[in-house]
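User: Hey, could you walk me through this structure in simple terms?

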Number of protein chains: 2
Amino acid sequence: MLAPHQHRFLILADGQFGPLTSKTANSCIRYFPERIVAVFDRVTAGRTAQDVLGFGGTIPVVGDFARGLALGRGASAVLIGIAPMGGQLPAEWRGWLKTALERGLEIWSGLHTFIADDPELGSLARAQGVRILDVRKPPPDLPIADGRAAEVDPYVILTVGSDCNVGKMTAQLQLRDELVRRGLRARFVATGQTGIFIEGWGIAVDAVVADFVAGAAEQLVLQGAVDADVVLVEGQGSLIHPGYSGVTLGLLHGTCPDALILCHQATRDYIGDYHGCEPWVRIPSLAELVEIYERAAAPVRPTKVIGICLNTFDMSEPAARAAVSQAAADTGLPATDPVRFGASPLAEAILREVVAAR
Amino acid sequence: MLAPHQHRFLILADGQFGPLTSKTANSCIRYFPERIVAVFDRVTAGRTAQDVLGFGGTIPVVGDFARGLALGRGASAVLIGIAPMGGQLPAEWRGWLKTALERGLEIWSGLHTFIADDPELGSLARAQGVRILDVRKPPPDLPIADGRAAEVDPYVILTVGSDCNVGKMTAQLQLRDELVRRGLRARFVATGQTGIFIEGWGIAVDAVVADFVAGAAEQLVLQGAVDADVVLVEGQGSLIHPGYSGVTLGLLHGTCPDALILCHQATRDYIGDYHGCEPWVRIPSLAELVEIYERAAAPVRPTKVIGICLNTFDMSEPAARAAVSQAAADTGLPATDPVRFGASPLAEAILREVVAAR
């Protein structure tokens with residue numbers, strides 16, 4: 001079985017490849033373009049990922065599934081990069097996935113419907129001896145959280161946010177790289193599908209039955225803590241998100257983090273306003289968010305926010321620098337956009353904490 | 001199909017019937033003893049529920065399953081009152097459940113493993129044309145919460161608690177009865193298995209995939225709101241419970257309640273200390289709990305705690321009265337033990353709010 005970074009993926013995104021319509025595909029292209037052979041989409045076929053998304057370089061979009069599989073050194077897996085309309089597997093998809101399995105390719109999927117549970121595809125995979133990886137499928141026998149995450153040796157950091165989709169995973173990946181550069185054994189722990197695609201392990205906590213979210217978080221910390229100095233847990237949702245706040249609180253209580261890093265997209269004023277829904281929940285100030293997270297954690301296990309990660313992708317550089325300075329001034333904490341300006345200010349804060357904790 | 005209150009249940013509790021070991025069975029006996037024909041348990045057979053539990057009156061415990069089915073006017077359904085060790089259906093259980101289905105009896109179950117999904121029992125039930133009710137099975141196609149619960153006409157009240165198992169369901173049932181007595185159309189909305197057994201509908205929100213807890217709560221409020229003046233939603237868990245806090249926050253944000261009632265067992269100092277686990281999370285004062293809940297709700301939709309329900313079952317009457325007075329003094333809110341002293345103080349508070357809201 002290939003390691004995650006050895007795989008060569010054909011991404012299935014037929015009919016939906018675009019900046020707003022193929023979130024999973026786009027995340028994969030953003031985070032591991034070097035593993036991607038091609039994108040299959042009959043609508044944008046002939047263009048490149050860069051043409052369609054504005055990033056992704058020369059990754060080609062192909063309109064012929066079999067040709068896509070054969071590109072370059074040939075794909076080793078098909079990665080499902082979009083959700084089918086209505087949740088059921090369309091007949092065409094079934095045909096493509098059968099072709100892939102028949103050729104011995106793995107299927108990687110983040111769909112809520114598990115491909116391995118499909119009678120036809122599941123038994124074909126077994127007959128071929130190839131793996132179907134449903135990254136949203138929770139492990140069996142998750143525990144109810146009971147505080148064991150508080151007892152691990154490494155310094156555990158959870159990213160929390162003002163909203164979904166503000167950069168909680170990216171912050172941890174950037175931090176991981178920066179801490180490793182500085183000689184620490186820093187481990188990224190994935191709690192969502194893209195992170196699991198990147199690392200090859202993790203639990204999609206939002207797909208876990210509600211009673212076991214904190215238990216899943218606890219188990220992830222225990223696993224991530226082995227041979228690590230710092231455990232960087234990918235946060236999910238937001239405590240002020242009407243739909244997903246429960247997942248966020250389960251992660252906060254289940255991971256028993258030593259510290260939090262607060263993530264925010266600097267231009268965002270309302271929950272969810274990145275997808276154009278009606279404004280409902282206004283995002284409070286960063287200082288208030290710090291207080292909301294610290295208060296929510298305190299009854300179970302006190303923790304503190306030690307830094308701010310701003311996502312400034314949609315701002316000019318001067319505006320981004322000003323926003324970062326303002327965030328630091330407003331909260332009294334180190335702040336950065338870790339993609340744009342590097343993760344050093346946060347890495348230094350973490351190193352200080354790790355030293356102080358010893 | 002019989003209405004829930006028309007059913008006559010044989011409760012399966014073999015080998016585990018007791019005050020601490022058969023939580024589901026005991027809840028059913030406490031809440032609808034009039035619907036229970038007998039308890040099946042070969043260990044305590046020959047005694048009565050009262051003998052074994054200290055409540056439940058003359059409900060007999062039988063050691064012969066078939067005899068239990070035939071008692072009185074005969075059972076109309078088997079209710080599974082314990083969880084099997086290890087989560088799998090034991091072979092003996094399978095035999096008993098087949099007997100029941102063959103005689104045309106329904107099976108009601110709150111297990112995490114769904115009886116209707118068992119190939120043998122599921123197809124037998126279909127062949128017999130009888131229903132298997134898995135009350136923990138969430139409905140398909142739950143939405144992500146989007147605030148629609150805030151727009152219903154009735155006054156929506158959610159019970160919240162210091163911990164699990166402090167009386168959040170009981171409080172709402174007592175309140176429902178009291179409000180109905182006072183002429184209001186008050187509807188109880190069940191979010192856990194016992195409540196669903198009682199009412200015959202609801203969603204066990206702790207069994208829902210984490211992303212959809214708030215959506216399930218929203219859907220329950222919309223359903224409960226039809227032709228009602230007051231909707232009384234059964235709360236779950238606690239915002240300070242390390243394992244279940246996510247479910248609690250999902251309910252709080254998903255139901256968009258107009259008011260909260262805070263429930264607490266007066267003698268309990270630590271989360272979970274009713275089942276003898278090690279003290280970990282200390283329960284803060286009632287005034288602090290009021291603040292914790294109001295703060296957690298505020299960013300999504302502000303609400304307020306309007307009353308306190310104390311569970312004083314393990315206290316002398318003078319001590320219980322003193323605890324209720326103290327709770328009222330500490331919070332400035334009406335307080336009662338609704339089982340022991342009636343729900344009137346809370347019903348009056350609700351009536352004032354309902355009138356004020358119009």
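**Getting oriented**

Analyst: Let's start with contacts in chain A between residues at least 6 apart in sequence: 71% of them join residues at least 24 apart. Two residues are in contact if their C-beta atoms, placed from the backbone, lie within 7 Å. This is a predicted model, where local features need pLDDT of at least 70, side-chain atom pairs count only at pLDDT 80 or more, and totals for chains, interfaces and linings use all residues. Residues are numbered from 1 along each chain as its sequence is written, while chains are lettered from A and ligands numbered from 1 in the order in which they are written.

User: What pLDDT does chain A average?

Analyst: Chain A averages 94, and 98% of the residues score at least 70. pLDDT is the predictor's confidence in each residue, from 0 to 100. The model also scores ipTM 0.87 and pTM 0.90.

User: OK, how many helices and strands does chain A have?

Analyst: There are 12 helices and 12 strands in chain A. Both are DSSP runs numbered from the N terminus: helices are H or I with at least four residues, strands are E with at least two. The radius of gyration of chain A is 21 Å, close to the 21 Å from the globule rule for 358 residues, so chain A is as compact as a globular protein of that length. That radius is taken over C-alpha atoms, and the rule is 2.2 Å times the number of residues to the power 0.38. Along the principal axes, the C-alpha atoms of chain A fill a box of roughly 55 × 45 × 40 Å.

User: And what percentage of chain A counts as buried?

Analyst: Of the 358 residues, 54%. Buried takes 20 or more other C-beta atoms within 10 Å of a residue's own, exposed takes 12 or fewer, and partly exposed is in between, with C-beta atoms placed from the backbone.

User: Which residues of helix H1 of chain A are buried?

Analyst: In H1 (residues 23-31), they are Thr24(A), Ala25(A), Asn26(A), Ser27(A), Cys28(A) and Ile29(A). The buried residues of H1(A) pack against several elements of chain A, including strand S1 (9-12), strand S2 (36-40) and helix H7 (193-199).

User: Switching topic: how do the axes of H4 and H5 in chain A cross?

Analyst: Helix H4 (residues 91-102) and helix H5 (residues 119-128) of chain A have axes that come within 9 Å and cross at roughly 10°. Axes are lines fitted to C-alpha atoms, for helices over the stretch in contact, and angles run from 0 to 180 degrees between N-to-C directions. H4(A) and H5(A) are therefore roughly parallel to each other. For that label, angles under 35 degrees count as roughly parallel, over 145 as roughly antiparallel, 65 to 115 as roughly perpendicular and the rest as oblique.

User: Which residues meet there, between H4(A) and H5(A)?

Analyst: From H4(A) you get Leu97(A), Lys98(A), Leu101(A) and Glu102(A), which meet Leu121(A), Leu124(A), Ala125(A) and Gln128(A) in H5(A). By class, this contact of H4(A) with H5(A) has five nonpolar, one polar and two charged residues. Ala, Val, Leu, Ile, Met, Phe, Trp, Tyr, Cys and Pro count as nonpolar, Asp, Glu, Lys and Arg as charged, and the others, Gly among them, as polar.

User: How many residues does the contact take from chain A and chain B?

Analyst: It takes 31 residues from chain A and 31 residues from chain B. On the side of chain A that touches chain B, the elements giving two or more residues are helix H8 (213-224), helix H9 (245-255) and helix H10 (286-297) of chain A. H9(A) gives the most to that side, with six residues. By class, the side of chain A that touches chain B has 20 nonpolar, seven polar and four charged residues.

User: Where is Pro334(A)?

Analyst: Pro334(A) is in the loop between helix H11 (317-331) and strand S12 (335-336) of chain A. Pro334(A) is buried because 21 other C-beta atoms lie within 10 Å. Not counting residues up to four places away in sequence, Pro334(A) touches Gly307(A), Ala328(A), Pro345(A), Leu346(A) and Ala349(A).

User: Last one: what phi does Asn165(A) have?

Analyst: A positive one of about 60°, although Asn165(A) is not a glycine. Most residues other than glycine have a negative phi. Asn165(A) is in the loop between strand S7 (155-161) and helix H6 (168-181) of chain A. With 17 other C-beta atoms within 10 Å, Asn165(A) is partly exposed.
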